[in-house]
Amino acid sequence: GIFLELLKEAMVSKLGDTKGFLIDGYPQELKDAEEFESKIGEPKLVLCLDCSAETMSSRLLMRNQSSQNSDNIETTEERIESYYQASNPLIAYYESKTQLCKVN
């Protein structure tokens, strides 16, 4: 997609000026990882910030209060469930390639 093309363009423009790249929050789904690898290459390392659903929920609810977001506990739980549905296959994919480092 367009995001990946923009990301690739930005990375290519900085190749001579850097030792590497840290991409935060991407890929979010397995299809994104596969597309990244086919168009850009395999990452050397993937970091997974691993925390409990309870920790994620409390942090999202605190963030929502400070940003005046209308998300409630039910909406937050739905967002966390969607996150797990998308990220579990992605985490398993990178674990199988031994590129994943989980950080608690």
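These legends accompany several close-up views of a predicted model.

**View 1. The largest pocket and the elements around it.** In this predicted model, the largest pocket holds about 1800 Å³ of space. Its lining is made up of 47 residues, and those closest to the pocket centre are Ile 23, Asp 24, Gly 25, Tyr 26 and Leu 47. Two or more lining residues come from each of β1 (46-49), α3 (53-67), α4 (73-96) and β2 (100-103). Helix α4 gives the most to this lining, with eleven residues.

**View 2. A cis peptide bond at Pro 27.** The peptide bond that joins Tyr 26 and Pro 27 is cis, with omega at about 0 degrees. Most peptide bonds, by comparison, are trans. Pro 27 itself sits in the loop between α1 and α2. Its partner in the bond, Tyr 26, is among the residues closest to the centre of the largest pocket.

View 3. Have a look at helix α2, which spans residues 30-39 and has Asp 32, Ala 33, Phe 36 and Glu 37 buried. Viewed down the axis of α2, these buried residues fall within an arc of 130 degrees, so they line one face of the helix. An α-helix has 3.6 residues a turn, so residues three or four places apart point the same way. Lys 31 and Ser 38, on the other side of α2, are exposed. What do the buried residues of α2 pack against? They pack against α1 (2-13) and α4.

View 4. Follow the chain just past α2 and you come to Gly 41, which takes a positive phi of about 140 degrees. Most residues other than glycine have a negative phi. For a sense of distance, the C-alpha atoms of Gly 41 and Asn 88 are separated by 21 Å, and the two residues are 47 apart along the chain. Asn 88 is part of helix α4, and at 43% relative accessibility it counts as partly exposed.

**View 5. Cysteines without a disulfide.** A search of the whole structure finds zero disulfides. Cys 51 is in no disulfide, and the nearest cysteine sulfur, in Cys 48, lies 8.8 Å away. As for accessibility, Cys 51 is partly exposed, with a relative accessible area of 28%. Cys 101 also counts as partly exposed, at 32% relative accessibility.

View 6. Is Ser 57 buried or exposed? At 15% relative accessibility, Ser 57 counts as buried, because the cut-off for buried is under 20%. This serine belongs to helix α3. Setting aside residues up to four places away in sequence, Ser 57 touches Thr 76 and Ile 80.

View 7. Glu 74 has its place in helix α4, where its relative accessible area of 56% makes it exposed. Between Glu 74 and Arg 63 there are 15 Å in space, C-alpha to C-alpha, although the two are eleven residues apart in sequence. Ala 86 is in helix α4 too. Which residues does Ala 86 contact, leaving aside its neighbours within four places in sequence? Ala 86 is in contact with Gln 28 and Glu 29. The C-alpha atoms of Ala 86 and Gln 28 are 6.8 Å apart in space, while 58 residues set the pair apart in sequence.

Technical notes. Residues are numbered from 1 along each chain as its sequence is written. This is a predicted model: local features need pLDDT of at least 70, side-chain atom pairs count only at pLDDT 80 or more; totals for chains, interfaces and linings use all residues. Side-chain values use heavy atoms; hydrogens and water are left out. On a 1 Å grid over the protein atoms alone, a cavity is a set of points where a 1.4 Å probe fits but cannot get out, and a pocket is an open set with protein on both sides within 12 Å along at least five of seven lines; lining residues have an atom within 4 Å of a point. Grid points are joined across faces, edges and corners, and a volume is the space filled by probe spheres set on the points. Helices (H or I, at least four residues) and strands (E, at least two) are DSSP runs, numbered from the N terminus. A disulfide is a pair of cysteine sulfur atoms within 2.5 Å. Buried means under 20% relative accessible area, exposed over 50%, partly exposed in between (1.4 Å probe, protein chains only). The arc is that of the directions from the helix axis to the C-beta atoms. Contact means heavy atoms within 4.5 Å.
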